[in-house]
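Please read them with the structure open.

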Amino acid sequence: MFTLAIIVGTDRPNSKSHLMAEYVQGLYSERGVDAQLFSMADFPLGSVVGGPYGKDLPEIEAFQRPILSCDAILFVIPEYNGSFPGVLKVFIDYLPFPEAFKAMPIAYIGISAGAFGSLRAVEQFQMVANYRNAFSYPERVFVSRFNSNFSAETGLTVPLQQELLISQTNGFIDFVQRMQ
Ligand SMILES: Cc1cc2nc3c(=O)[nH]c(=O)nc-3n(C[C@H](O)[C@H](O)[C@H](O)COP(=O)(O)O)c2cc1C
């Protein structure tokens, strides 16, 4: 089929985004996609202290390489202060420019503790991904009140939300295959 990088968009220990990413990895694997999990918790932040933009950074490159060699990317993005986590912007700012996301199919899931399901975070992140010439998949999933709306075994506890997640999963697989 194809390879998919599922990215946990935070470095927070025990993050809920990580649980969501693991659940979604199962959905893609069941459908024959080679879905690999990457977390911003493993981004080598220490390598960018001092702002070495444009320099050869082997640890950063080693983190980026398996992600960028996938055929598609799915970001799981938590809402932090009405936006996406800063570590995710640092990750973007060290990607090879301009080619990293060019024509890369990208899908988005937002999660939040609060009422808005990371809508703002995903929309802000999409502006950046679109600037970097990604092909953003239009069907997005937003999960508010994550603690009560998610089960690690069965997924999203509100039936309509689970339907939307399955619809995104099936639709994104079709989207990526059409682009190949
Ligand atoms: C620094 C920080 C800022 C946050 N800001 C918001 C926010 O603006 N709105 C919201 O609904 N939840 C906010 N949260 C709660 C997260 O949405 C919550 O932790 C959720 O579980 C997803 O993030 P996680 O993957 O870190 O667990 C914030 C959490 C942190 C750590």
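**Notes on the model**

1. Asn 14 sits in the loop between β1 and α1; helices (H or I, at least four residues) and strands (E, at least two) are DSSP runs, numbered from the N terminus. Its phi is near 55°, a positive value in a residue other than glycine. Asn 14 counts as exposed because it has 7 C-beta neighbours inside 10 Å. The cut-offs are these: 20 or more other C-beta atoms within 10 Å of a residue's own make it buried, 12 or fewer make it exposed, and anything in between is partly exposed, with C-beta atoms placed from the backbone.

2. Two remarks on the source. Residues are numbered from 1 along each chain as its sequence is written. The model is predicted, so local features need pLDDT of at least 70 and side-chain atom pairs count only at pLDDT 80 or more, while totals for chains, interfaces and linings use all residues.

3. Ser 118 also has a positive phi, near 65°. Ser 118 lies in the loop between β4 and α4. Is Ser 118 buried or exposed? Ser 118 is buried, with 32 other C-beta atoms within 10 Å.

4. Helix α4 (119-131) has 13 residues, which at 1.5 Å a residue should span 18 Å, and its end C-alpha atoms are 18 Å apart, in agreement. The expected span is 1.5 Å times one less than the number of residues. In α4, the residues Ala 121, Val 122 and Phe 125 are buried. Seen down the axis, they fall within an arc of 90°, so they line one face of the helix; the arc is that of the directions from the helix axis to the C-beta atoms. The face turned away from this buried side carries the exposed residues Met 127 and Tyr 131. The buried residues of α4 pack against β3, α3, β4 and β6. After α4 comes Asn 133, with a positive phi near 65°.

5. Helix α6 covers residues 159-179 and contains Gln 168. Its buried residues are Leu 165, Gln 168, Thr 169, Phe 172, Ile 173 and Val 176. They cover an arc of only 125° around the axis, which puts them on the same side of α6. On the other side, Pro 159, Leu 160, Glu 163, Ser 167, Asp 174 and Arg 178 are exposed. The cover over the buried residues includes α1, β3, β4, β6 and β8.

6. Why does Gln 168 count as buried? Gln 168 counts as buried because it has 22 C-beta neighbours inside 10 Å. Leaving out residues up to four places away in sequence, Gln 168 touches Ala 107, Glu 139 and Val 141; contact means that two C-beta atoms, placed from the backbone, lie within 7 Å.

7. The largest nonpolar core has 45 residues, and Phe 75 and Ile 109 are among those with the most contacts inside it. Such a core is a set of buried Ala, Val, Leu, Ile, Met, Phe, Trp, Tyr and Cys residues joined through C-beta atoms within 7 Å. β3 gives the most to this core, with six residues. Phe 75 touches Ile 7, Gly 9, Ile 106, Tyr 108 and Phe 125, again not counting residues up to four places away in sequence.

8. Phe 97 and Pro 98 are joined by a cis peptide bond, with omega about 0°. Pro 98 is in the loop between α3 and β4.
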